[in-house]
Amino acid sequence: MPFVRIDMVEGKPETYRKTVGDVVYDAMRTTLNVPENDNFIVISEHSPAEMMISPDYLDIQRSPNCIVIQITLNAGRTTEMKKAFYHAVAYGLHEKTGLRLEDVFISLVEVPKENWSFGNGEAQYA
């Protein structure tokens, strides 16, 4: 069960935001074995002043269009799966939206299964 938060600079059209969400969801399904309909994505827009992203950390030249994708998910994916996911998202976004590869920042946060409640005040995976 991944929970996805995507942050970007304000002003992108709804179709752009939807495409970004769709690319991330499709990549999770194909590379991280996420089940169908397990789609929980929140996209937030921020003023340029609120996006304090290093323009050159690790010699990667980021533009003001850099987006941040943070995903909380169950622990257990292999490094190879994660690398395939990063690649699928970056290249998928580049292909479908024109976003530069350098402008895709991804952070995965792994948690134990008992850390989820999908509703009803219950821990469905515990």
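Lining residues of a pocket are those with an atom within 4 Å of one of its grid points. In this predicted model, the largest pocket has a volume of about 310 Å³. Of the 13 residues that line the largest pocket, Ile 60, Arg 62, Val 104, Phe 105 and Ile 106 are the closest to its centre.

**Largest pocket**
- Two elements, helix 2 (79–97) and strand 4 (104–111), each give two or more residues to the lining of the largest pocket.
- Strand 4 supplies the largest share of that lining, with three residues.
- By residue class, the lining of the largest pocket divides into 10 nonpolar, one polar and two charged residues.

**Nonpolar surface patch**
- A nonpolar patch on the surface is formed by Phe 40, Phe 118 and Tyr 125.
- Together, Phe 40, Phe 118 and Tyr 125 have about 270 Å² of accessible area.
- Phe 118 lies in the segment after strand 4.

**Asp 26**
- Helix 1 (residues 14–31) contains Asp 26.
- Asp 26 has a relative accessible area of 43% and is therefore partly exposed.
- Asp 26 and Glu 36 are separated by 10 residues in sequence, and their C-alpha atoms are 9.6 Å apart in space.

Terms used: Residues numbered from 1 in each chain as written. Predicted model: local features only at pLDDT ≥ 70, side-chain atom pairs only at ≥ 80, totals over all residues. Heavy atoms only, no water. Helix = DSSP H or I, 4+ residues; strand = E, 2+ residues; numbered from the N terminus. Buried < 20%, exposed > 50% of the residue type's maximum accessible area, 1.4 Å probe, protein only. 1 Å grid on protein atoms, 1.4 Å probe; cavity = no way out; pocket = protein on both sides within 12 Å on 5 of 7 lines; lining within 4 Å. Points joined across faces, edges and corners; volume = space filled by probe spheres on them. Nonpolar A, V, L, I, M, F, W, Y, C, P; charged D, E, K, R; others polar. Patch = residues over 30% accessible without salt bridge, like charges linked within 9 Å, V, L, I, M, F, W, Y side chains within 5 Å. Areas by Shrake-Rupley, 256 points an atom, 1.4 Å probe, with all protein chains shown as cover. Salt bridge = Lys/Arg side-chain N within 4 Å of Asp/Glu carboxyl O.
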